[in-house]
Amino acid sequence: MGGSSKQVVGHRYYASLVKFIGFRIEKLLGVNFDNRGWFFHNPVKHPPNQLPIDAPSLYGENEGGVKGVIDIHFGTPDQEPNEHYNKHDPDISGFPYQSYLVFRGANDEQGFYHGNTNTMRDVLLWPKRTRVQNDGSEQWYKIRGDGAVVCEIDSSGDGGSVITPSPMGDVSATFTFSSGCYLDSAPITETYTTSFTEVIDDPSPNGDYKRGAVISGPEYDARYSTGCLNTMSNRSLSGVYSGNISMGGAGIAVVAITINTPPNDIGRDVNFISNALTYTLHYKETLVENEGQLTAVMHVKLPYTLSFSFLANSVPHNGYHYYRYGLVDSRVYQMPYSSDPSQVGVDINPIHKIREIFVNPSPWGMNKDESEIEETTFIKAADRIYDEGLGVSWAIKDKDCLDAINELCHHIEGGVRQNRQTGKYEMVLFRDDWFNEEEIHTISESKIKSMQLEVQNADEIINHVNVTYYDRENIKNGAFSISENGLIKTVGSVISEDIEFPYFMRQYNAEKVAAWKLKQLSTPAWRGTFTTGLKDARKFNRYDLIDLPWSRKWSGTIRARIMSINLGTAIDNTVSIDFVEVVDFSTVSAQIGSDGGYGVQILPPQQSIARVFELPYYLAVYINGQKDTDDQLAYDETIGYVAAIAAQPQYNSLNAALWSDDAGMSPDYEKSATVNYCQGLVLDQNIDKDDHSFIVKDLPNVALYKARKFVGANTGDLILINNEIMSFESYDSETRLLTVKRGVLDTGVHEHLQNSYLYVFDSADVAINPQQFIQSDVVNLKVLTTTPSGVEKLSDGLVQKVEIEARAIRPYPPANVKINGEYWPNEIEGDLEITWSHRNRAQQTAATHVDWFDSSVTLENGTTYTLILTELDENQIELRTQNINVGTLDNYTFATSAMDASTRYIEIELKTVRDGYECLQPFEHIFELSQFFSAPYDLTVEFKND
């Protein structure tokens with residue numbers, strides 16, 4: 001009988017093999033076979049020295065795949081031989097100080113399956129060594145005082161592991177809020193506990209933002225979510241709603257919190273802030289506004305305590321003050337913390353690598369003694385590079401030590417020198433502020449014997465650079481270009497130069513340093529050699545700065561960097577110094593040519609961090625000039641312009657776009673301006689009306705990148721926080737203490753909650769819609785984030801409204817208001833005496849601003865004061881209201897004898913008026929009258945002989 005015959009269609013190939021990595025490693029983050037994707041070592045699931053692989057179909061149905069176990073040997077000094085390897089070769093070494101991998105089968109009888117061909121495909125390895133040195137000892141200067149792991153850049157802190165979510169346990173939620181029909185009533189605090197004994201998965205990944213499990217809170221009590229309609233039209237109130245949610249467990253918690261805001265036809269002033277912005281790699285925030293509700297979605301790494309607050313102000317509407325506020329909903333779900341390479345790209349601090357090359361013994365170092373290193377300069381440089389985020393990664397087979405150091409210095413714009421007085425090696429970064437002024441040398445022109453000069457870049461000014469770097473995310477070399485567009489137009493052609501950064505794994509780093517280098521290449525600057533017999537010149541060092549005079553070519557001095565020093569001979573002690581003129585560059589920003597990773601995933605446009613407002617008179621003058629501004633206002637006093645400022649929400653965004661819809665005058669949004677980013681800060685404490693110094697913190701680490709550090713601003717730069725404008729005075733980067741002038745321009749002073757945003761800007765940061773609007777026009781605005789790959793969707797942009805109030809023509813409000821000699825007293829005794837200081841819109845146009853607490857300036861022509869006094873009884877029911885024209889005085893007295901006998905509270909409103917226009921922010925305050933022995937009272941006196 002016939003039967004079927006078997007046919008061989010292919011073979012599976014197994015092998016045990018060893019792959020050496022090199023010297024000591026700290027971790028093996030992952031392996032990648034044939035560039036088919038990463039297999040990550042998960043310390044939660046895997047043994048610390050093993051990586052299981054199970055992908056038998058990785059190469060396709062016919063080509064097979066990989067399966068087995070990879071034993072990881074880290075190159076420790078006491079490393080034992082591999083057990084599997086040792087069975088085949090009992091005399092094998094443990095290879096101390098050498099890191100290697102053993103590929104084997106899941107059991108010792110079968111090797112590692114590597115496909116259906118007899119050749120193993122390429123394997124890409126991702127080792128990490130940042131926190132230990134080659135000999136296995138702890139890394140030099142690993143952690144600094146603030147807890148930052150300085151030796152590595154953009155680390156998640158867990159070395160690239162995957163954290164599987166675990167239950168959050170008892171989640172405690174505490175809420176503080178004003179209740180009842182008065183926003184300024186005494187706040188109450190309530191605490192709720194919700195128990196999560198299982199991981200809360202996202203039940204609807206494609207649903208809306210309100211998903212996951214509910215966190216209990218007062219939102220289910222209608223008293224606290226509906227608000228009230230206040231019938232007292234002359235009272236403006238504010239209320240606070242704050243809370244914190246403490247979550248345990250592991251993984252990433254996605255928390256969605258929804259609050260009520262006033263409906264769009266009334267307007268709103270709600271400031272929703274979260275301090276859940278401290279986690280660098282996996283934080284994301286989204287704000288969505290829909291039908292009078294604002295939803296914030298925050299991603300935080302567990303365990304975490306999330307805090308939030310918002311301030312609700314009552315707003316005028318048809319003679320009433322209306323508000324609607326309260327927590328509507330809060331939900332949470334969890335997801336794993338992944339070590340995807342686009343999210344965890346840990347680089348070493350190049351300063352640590354440079355130092356390691358110096359002190360490591362041969363063959364991988366120069367074997368310098370640590371006493372030969374000037375530690376303070378290396379620590380200073382390590383801190384600066386860490387703050388700038390300029391980490392590097394490399395794999396070196398064979399390279400001269402000096403070549404390696406020079407290449408690293410090329411990546412970070414720095415250099416290493418040997419101090420001629422101490423003999424120690426020092427690190428110098430070529431930054432505009434690296435040396436203090438007292439460290440910069442000076443020399444008189446009479447001490448210069450000779451000077452040889454040339455202008456570098458004179459013959460061919462570079463206006464375009466082609467940059468290459470290593471794109472870690474896509475596992476290949478990346479390239480982009482940046483240009484000096486204005487210079488290209490001037491020269492009329494593109495003159496290029498190539499720059500290579502093989503050790504940068506992030507396009508952001510390459511962009512930043514390339515922009516610095518382009519600035520130098522595109523700027524004509526002096527270079528040359530001078531000779532001097534100055535005795536102190538023999539103490540100069542390479543890379544020192546000197547203020548150099550030479551009246552034959554320039555007036556005054558130029559700042560130059562010393563590049564080399566020749567001391568001459570014993571017969572001729574003339575010192576010859578080569579120098580180049582310093583081109584300030586370290587604050588230059590890159591013109592990003594394409595999206596790229598900052599060691600993280602390529603980001604789509606994130607929601608902007610922006611404020612819109614009507615342009616005040618001061619900024620109109622600075623942008624358009626005082627004459628043009630006054631001419632426009634003389635033609636039509638009611639005109640106004642809408643403006644916007646924004647802080648950078650993500651690393652790959654150059655600017656934002658201002659889109660406007662004039663609410664009826666045109667049917668659609670149109671792009672009206674480009675918004676250049678200003679500096680953003682977050683208030684780190686509550687502040688009162690009279691606080692001039694307070695603690696701030698840098699913009700949160702939003703959108704998976706390290707936000708720009710705030711180092712200060714120019715004196716007189718403006719700061720917008722909620723509805724108050726301040727003026728920058730100083731900033732202490734050590735204490736994070738910001739000192740300001742309060743209530744400048746046309747604003748008064750206000751209280752502000754912790755976590756409020758501050759926008760620090762000058763006139764160049766203000767984007768303006770060029771269209772003129774008139775009083776009562778309502779303009780809808782969206783500030784949309786732009787990236788090289790696209791713009792934030794118009795439909796996703798947060799709508800912000802500006803109602804034109806003829807702001808530029810209105811007089812400034814009274815300032816420095818005192819009631820019976822005090823600021824904002826709770827109660828007074830005797831007659832009411834009010835004093836204040838004059839302000840002048842037309843006069844206050846200098847860069848030095850007038851503080852709200854300063855004394856008077858000349859009152860603006862035509863301006864008078866109106867004082868509204870409202871007497872209230874003990875239940876704060878209105879008894880009488882007086883509307884008093886005070887004229888141009890700066891004081892007013894209201895005698896006790898003239899008050900109603902039932903008056904217990906007095907509310908005052910003091911405002912300026914000119915040509916029928918009132919100031920935007922009048923002074924308002926309510927206080928109590930002391931009732932000690934005030935008639936009519938029946939007093940009974942009782943005497944006792946004790």
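**Cavities and an open sheet in a predicted model**

A search of the whole structure finds 10 cavities of 30 Å³ or more. A cavity here is a set of points, on a 1 Å grid over the protein atoms alone, where a 1.4 Å probe fits but cannot get out. This is a predicted model, in which local features need pLDDT of at least 70 and side-chain atom pairs count only at pLDDT 80 or more, while totals for chains, interfaces and linings use all residues. Residues are numbered from 1 along each chain as its sequence is written, and side-chain values use heavy atoms, without hydrogens and water.

**The largest cavity**

- The largest cavity holds about 100 Å³ of space, a volume being the space filled by probe spheres set on points joined across faces, edges and corners.
- Its lining (residues with an atom within 4 Å of a point) includes Leu615, Ala620, Tyr641 and Ala808.
- Helix H7 (617-624), helix H8 (626-635) and strand S37 (639-640) each give two or more residues to this lining; helices (H or I, at least four residues) and strands (E, at least two) are DSSP runs, numbered from the N terminus.
- H8 supplies the largest share, 3 residues.
- By class, the lining has 6 nonpolar, 4 polar and no charged residues.

**The open sheet**

- An open sheet is formed by 3 strands in the order S36-S38-S47, with antiparallel pairing; two strands pair if DSSP finds at least two bridges between them.
- Strand S36 (609-614) and strand S47 (767-768) stand at the edges with a single partner strand each, so one side of each has no neighbour in the sheet.
- S36 and strand S38 (residues 642-647) run antiparallel and are joined by 6 bridges.
- Phe613 stands opposite Ala643 in S38.

Definitions and conventions. On a 1 Å grid over the protein atoms alone, a cavity is a set of points where a 1.4 Å probe fits but cannot get out, and a pocket is an open set with protein on both sides within 12 Å along at least five of seven lines; lining residues have an atom within 4 Å of a point. Ala, Val, Leu, Ile, Met, Phe, Trp, Tyr, Cys and Pro count as nonpolar, Asp, Glu, Lys and Arg as charged, and the others, Gly among them, as polar.
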